[in-house]
Structure formats: structure tokens, C-alpha cells
Amino acid sequence: MPSKSLKIAILSHDITWGDKHENIITVAELLNRIDCDTDIVVLPELFNTGFLSTKEQISEMAEDFNGDTIINLQRWAQYFGFAICGSMLAKEGYKYYNRAFFVEPMGDITYYDKRHLFSFYKEDLLYEKGTNQSPIIRFRGWNISMQICYDIKFPVWCRSRDNNIDIILVPANTPEKSIYEWKQLLIARAIENQLFIVGANRSGKDDYGKYVNSSFIYDFQGNEISIKSQESTLIQYAYFDNIALNRHRIDFPTCEAADLFEILQ
């Protein structure tokens, strides 16, 4: 069980479509406004490019894990002293992935490839499907898992077993028209797994819609707990209380009654 409290921030910037340089500058400026006692900052899905719609665009913008984006993320994490999570367009040979990352201040990187590709936007035709569940990251006394946007619609894939996950981080690009469903899915995953969940959505607009006030943080009972920053309307915070979480799991040990099914890879 978690041994200390944790402070989380969401940075919901307006992603400049297809312009990695501009997005890196935007995020770097906003990170300077993050409270110095923050433990983890969560960025939106495809934070440095937005959703690209053709193979030609993807091949031009995709990076491996030695590219400039990862170098910048490692530098930021080390300088500010907090971990950074989000997702980016990654490549391995001729294959492309919507890849979540968790970059720690000491430089360690954990990644997870999006499993459930959003066919309505033809994401399944552009990216490779992830085959492995998110690794469980042990960070500052907490067990952390990553999912990406559409993944949270599939509860078996997100399942915490024997309370082995304390936090799910979810970078997303969910437009305004889908916000009701987005909120309900976040709440459901938090309650059924008895954990905190962070839905980090972008702001602004693109070809798929508008993104307005649509990042959320919920506790293990489905209560929204985020607080807007006084430094920027694009930043919000939450404190994760380890004592309250541990007590809730002891008082309501629902994991003991949970049906466990093997997840097909």
C-alpha cells in the first residue's frame, strides 16, 4: 500500500497540430509554472504532435526513444524533480505506436503502447496495436499504471488485481462531444479498482472538435478532487492521500470478491 501522500499536476495545453518544436516550447514554458512540490505531471495524448491522419505525416514526425522529445522530457524531469507522463508518436523500424511514457527524474523511462486503437478516427489503420499491459511503475511509494484515452472503455484491460495498482494515468484527446462518457469511464475505473485516476486531456480545438475544461482527477470513490492552479488555467492539481486510500481498502475489501479473468494478449 502507498506509504506517503503524492501531489499530481495535469498540464492541458492546446496542441499545435504537427509542430513538435512549437509544442515543446509551449510545454517547457508551462512546466516552469508547476508548483515545486509536485511529484508527477501528466500531459495529454500525443502531446507534441496532435493526432496525425496520414502515414506520410506519421513517418515524418515519429521518433524513436533516442529522439529530441525524449531528450527534452528527461532534461525537464531531472531539472524540476518530478516525473512526467504523456503519450507521443513513436517508431520502431517501419512500425508506429501511440506510446505512453513515464520519465523519472533520475532518467528512467517506462513506456506502454496503446492497446485499443480508435477505429472511428482510423487510428487502427495508422498505428500498431499494443500487445502488452502497462507495466506497474513503483514511484515514491505508489504503484502506477498507464492507459491511453480509448483504453479506459475496456475494464478488463484496466483491471487492478489485489489492489496492485494505486493510480492510473490516462493521457487523452477526447473532444467536447464525448466528455460525458469520458467522465463516467474515469469514475467507473476509479471506483471498481479502488484507486486514483488522472484523465489528462488537451485544450483548444482540432479537426475532431473542441477540448474545453475536460481534464479530471477522481479519487477511489469517484469524487472529483482536482484544484485549478492560480498560475495558469491550463494547470490543475490534486493531492493523493495514502492514509485515506489504505483505510478505504481495508474497510471495503472489494478486491477479495472480484472475478479475475486472464487477459488475452
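**Strand pairing and burial in a predicted model**

Guide: In this predicted model, lysine 228 lies opposite glutamine 236 of β14.

Visitor: What makes β13 and β14 a pair of strands?

Guide: Two strands are taken to pair when at least two bridges are found between them. Strands β13 (residues 227–228) and β14 have 2 bridges in the antiparallel sense, so they meet that criterion. A hairpin of 6 residues links β13 to β14. Strand β14 also pairs with β1 (residues 6–11), antiparallel over 6 bridges, and alanine 9 faces tyrosine 237 in β14.

Visitor: Why is β14 called largely enclosed?

Guide: Of the 6 residues in β14 (residues 235–240), 5 are buried, so the rest of the structure largely encloses this strand.

Visitor: How do you know that threonine 49 is buried?

Guide: Its relative accessible area is 1%, and buried means under 20%; threonine 49 is therefore buried. This residue sits in the loop between β2 (40–42) and α2 (55–61). Leaving aside neighbours within four places in sequence, its contacts include Trp17, Asn23 and Met61.

Visitor: What makes both faces of β8 covered?

Guide: Ile167, Leu169 and Pro171 on one side are buried, as are Ile168, Val170 and Ala172 on the other. In a regular strand, side chains alternate between the two faces of the sheet.

Visitor: Why is the crossover from β8 to β9 called right-handed?

Guide: Strands β8 and β9 (residues 196–201) run parallel, joined by 6 bridges. The chain passes from β8 through helix α5 (residues 179–193) to β9 in a right-handed β-α-β crossover; the term applies because, with the strands pointing away from the viewer, the path over the helix runs clockwise.

Technical notes:
Residues are numbered from 1 along each chain as its sequence is written. This is a predicted model: local features need pLDDT of at least 70, side-chain atom pairs count only at pLDDT 80 or more; totals for chains, interfaces and linings use all residues. Side-chain values use heavy atoms; hydrogens and water are left out. Helices (H or I, at least four residues) and strands (E, at least two) are DSSP runs, numbered from the N terminus. Buried means under 20% relative accessible area, exposed over 50%, partly exposed in between (1.4 Å probe, protein chains only). Contact means heavy atoms within 4.5 Å.
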